[in-house]
Amino acid sequence: MLIRVTSDPLDTDEAVQHVASPDAGAINVFLGVVRNNSLDRVVDYLVYDAYPRMAEKVMREIADEARERFGLIDCAVLHRTGRLEIGEASLLIAVSSGHRAESFEGGHWLVNEVKKRVPVWKKEVWADGEEWIEGPESLGLQASQQATGNRPL
Amino acid sequence: MTVLLFASLADRVGKRKLELPYEDGDTVGSVRDRLVAAYPVVAAFVPSLMYALNEEYVRANDPVAPGATLALIPPVSGG
């Protein structure tokens, strides 16, 4: 497994080579990239904060669980931190499996779990301001919305 | 003991790391409440906070050992 939180650019080839296996019939790669807009606002760039050691620990737990649940051969989960410009990759997930269905399902599940559980935060910076985002999929926000009776987004 | 803050919470408090004295019988919640008393801006974060002790998610009523590292985790937004 390849698990990493880093301020360096993410290298897709490295992740693909890491999960490659003679047993694999499929390698699925997901890149989360920085978009130039959010809720009708123009985004200049993003800044990611993280609790790096815990983030890597949680990413490893999620990857182990994904291998078990979907029968994956191997996983790579990498998250970038610091300032990221439009179009740069913030999240890189690569999974290998015997057949394509597990690679799509396992990869999709991994992305969702990363967004729920991994202690990483993004700040949007616009021309006229900035704001730390509270992820609508995060377990913390979902728990507080259930407690107050609000429906999760 | 050490308390770690991140993202919006670190910005509002103006610190990423705090040292707090341990008190007998401390739980995650009791340490958090002392932090709220010292930094009232933390109160608004409490309903959506998650907690980690030594890099593992824990609950507010879990006990804290002397010398532990407690992280207060605002809603995550990675990806």
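**Ground rules**

I number residues from 1 along each chain as its sequence is written, and I letter chains from A and number ligands from 1 in the order in which they are written. Because the model is predicted, local features need pLDDT of at least 70 and side-chain atom pairs count only at pLDDT 80 or more, while totals for chains, interfaces and linings use all residues.

**Entry 1: chain A as a whole**

I began with the elements. Chain A has four helices and nine strands. Helices (H or I, at least four residues) and strands (E, at least two) are DSSP runs, numbered from the N terminus. From that end, I read the order as β-α-β-β-β-α-β-β-β-α-β-β-α.

Next I looked up the size. Along the principal axes, the C-alpha atoms of chain A fill a box of roughly 50 × 35 × 30 Å.

I then checked burial. Of the 153 residues of chain A, 41% count as buried. A residue is buried if 20 or more other C-beta atoms lie within 10 Å of its own, exposed if 12 or fewer, and partly exposed in between; C-beta atoms are placed from the backbone.

**Entry 2: strand S7 of chain A**

I looked at S7(A), residues 89-97. Eight of its nine residues are buried, so S7(A) is largely enclosed by the rest of the structure. Strands pair if DSSP finds at least two bridges between them. Strand S2 (residues 26-33) of chain A runs antiparallel to S7(A), and eight bridges join them. Here A:Ala26 has A:Ser97 as its bridge partner. Strand S5 (residues 74-80) of chain A also pairs with S7(A) in the antiparallel sense, over six bridges. There I found A:Val77 with A:Ile93 as its bridge partner.

I counted contacts next. Two residues are in contact if their C-beta atoms, placed from the backbone, lie within 7 Å. By this rule, 28 residues of chain A are in contact with 18 residues of chain B. On the side of chain A that touches chain B, H4(A) gives the largest share, five residues. I sorted the residues of that side into 14 nonpolar, seven polar and seven charged. Ala, Val, Leu, Ile, Met, Phe, Trp, Tyr, Cys and Pro count as nonpolar, Asp, Glu, Lys and Arg as charged, and the others, Gly among them, as polar.

Which residues of H4(A) are buried? They are A:Gly140, A:Leu141 and A:Ser144. They cover an arc of only 95 degrees around the axis, which puts them on the same side of H4(A). The arc is that of the directions from the helix axis to the C-beta atoms. What covers these buried residues includes S3 and S5 of chain B.

**Entry 3: helix H2 of chain B**

In H2(B), residues 28-38, I found B:Val28, B:Val31, B:Arg32 and B:Leu35 buried. They fall within an arc of 100 degrees seen down the axis, so they line one face of the helix. They pack against strands S1 (2-4), S3 (50-53), S4 (56-58) and S5 (69-73) of chain B.

**Entry 4: two loop residues**

I ended at the loop between strands S3 (37-38) and S4 (41-50) of chain A, the place of A:Leu39. A:Leu39 has a positive phi of about 50 degrees although it is not a glycine. A:Asp40 lies in the loop between S3 and S4 of chain A. Its phi is positive too, about 70 degrees, and A:Asp40 is not a glycine. A:Leu39 counts as exposed, with 7 C-beta neighbours inside 10 Å. A:Asp40 is exposed, with 5 other C-beta atoms within 10 Å.
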